Amino acid sequence: MSKEVQFQNRDRFIELGLAISTLRKMRGMSQEELAAKAKISRSHLSSIEAPNIVRPFSLEVLYNIADALEVPPGDLLYGHSLKDIKEHSNSYF
């Protein structure tokens, strides 16, 4: 399986990484804390969040990150506004 991201998906990965980064900061979490809760390395999380790097990652990683941030995975994927994510996450667990 190729690790290259198709051009049409590039912006999606960047937006997803930015949403994860912003929500992590809203939660007052460091990259180390989120990475530990999501069961990934801090460097992997850093590359996911970096807007100048397109880092594809598995659904399992997405689910782990969403669980660690206490939001439904679809909220991260479908580009809900961060305000909506924050409000919805209060009732997620």
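Student: Which residues have the most contacts inside the largest nonpolar core?

Tutor: In soluble globular proteins, nonpolar side chains tend to be buried together. In this predicted model, the largest nonpolar core has 20 residues, and those with the most contacts inside it are Ile 20, Leu 34, Ile 40, Ile 65, Leu 69 and Leu 76. The elements that contribute two or more residues to this core are H1, H2, H3 and helix H4 (59-69). H4 gives the most, with 6 residues.

Student: How many helices and strands are in the protein chain, and what percentage of its residues count as buried?

Tutor: The protein chain contains 6 helices and 0 strands, so that its elements, read from the N terminus, run α-α-α-α-α-α. Of its 93 residues, 38% count as buried. As for contacts between residues at least 6 apart in sequence, 53% join residues at least 24 apart.

Student: At what angle do H1 and H3 pack, and how far apart are their axes?

Tutor: Two packed helices are described by the angle between their axes and the distance between the axes. For H1 and H3, the angle is about 115 degrees and the axes are 7 Å apart. On the H1 side, the contact is made by Gly 17, Leu 18, Ile 20, Ser 21 and Arg 24; on the H3 side, by Leu 45, Ile 48 and Glu 49. The residues of this contact divide into 4 nonpolar, 2 polar and 2 charged.

Student: Which residues of H3 are buried, and what covers them?

Tutor: The buried residues in H3 are His 44, Leu 45, Ser 47, Ile 48 and Glu 49. Their cover includes H1, H2 and H4.

Student: How many salt bridges does a search of the whole structure find?

Tutor: Side chains of opposite charge can pair when their charged atoms come close. The search finds 2 salt bridges in the whole structure. In one of them, the side chains of Glu 49 and Arg 24 meet at 2.8 Å, N to O. This pair links distant parts of the chain, with Glu 49 in helix H3 (residues 42-49) and Arg 24 in helix H1 (residues 7-26), 25 residues apart. Both Glu 49 and Arg 24 are buried.

Student: Which helices hold Arg 42 and Glu 32?

Tutor: The side chains of Arg 42 and Glu 32 meet in a salt bridge of 4.0 Å, N to O. Arg 42 lies in helix H3 and Glu 32 in helix H2 (residues 31-38), 10 residues apart, and the pair links distant parts of the chain.

Student: Why is Arg 42 classed as partly exposed?

Tutor: Arg 42 is classed as partly exposed because its relative accessible area is 35%, and that class lies between the limits of 20% and 50%.

Student: Is Gln 31 buried or exposed, and which residues is it in contact with beyond its neighbours within four places in sequence?

Tutor: Gln 31, found in helix H2, is buried because its relative accessible area is 16%, and buried means under 20%. Leaving aside neighbours within four places in sequence, Gln 31 is in contact with Arg 24, Arg 42, Leu 45, Ser 46 and Glu 49. The side chains of Gln 31 and Arg 42 are also joined by a polar contact of 3.1 Å.

Student: Where is Arg 10 placed, and what separates its C-alpha atom from that of Ile 53?

Tutor: Arg 10 is in helix H1. The C-alpha atoms of Arg 10 and Ile 53 are separated by 9.4 Å, although the two residues are 43 residues apart along the chain. Arg 10 counts as partly exposed because its relative accessible area is 34%.

Terms used:
Residues numbered from 1 in each chain as written. Predicted model: local features only at pLDDT ≥ 70, side-chain atom pairs only at ≥ 80, totals over all residues. Heavy atoms only, no water. Helix = DSSP H or I, 4+ residues; strand = E, 2+ residues; numbered from the N terminus. Buried < 20%, exposed > 50% of the residue type's maximum accessible area, 1.4 Å probe, protein only. Core = buried A, V, L, I, M, F, W, Y, C linked by side-chain atoms within 4.5 Å. Contact = heavy atoms within 4.5 Å. Axes fitted to C-alpha atoms, helices over the stretch in contact; angles between N-to-C directions. Nonpolar A, V, L, I, M, F, W, Y, C, P; charged D, E, K, R; others polar. Polar contact = N/O pair within 3.5 Å; in protein donor to acceptor, adjacent residues only side chain to side chain.
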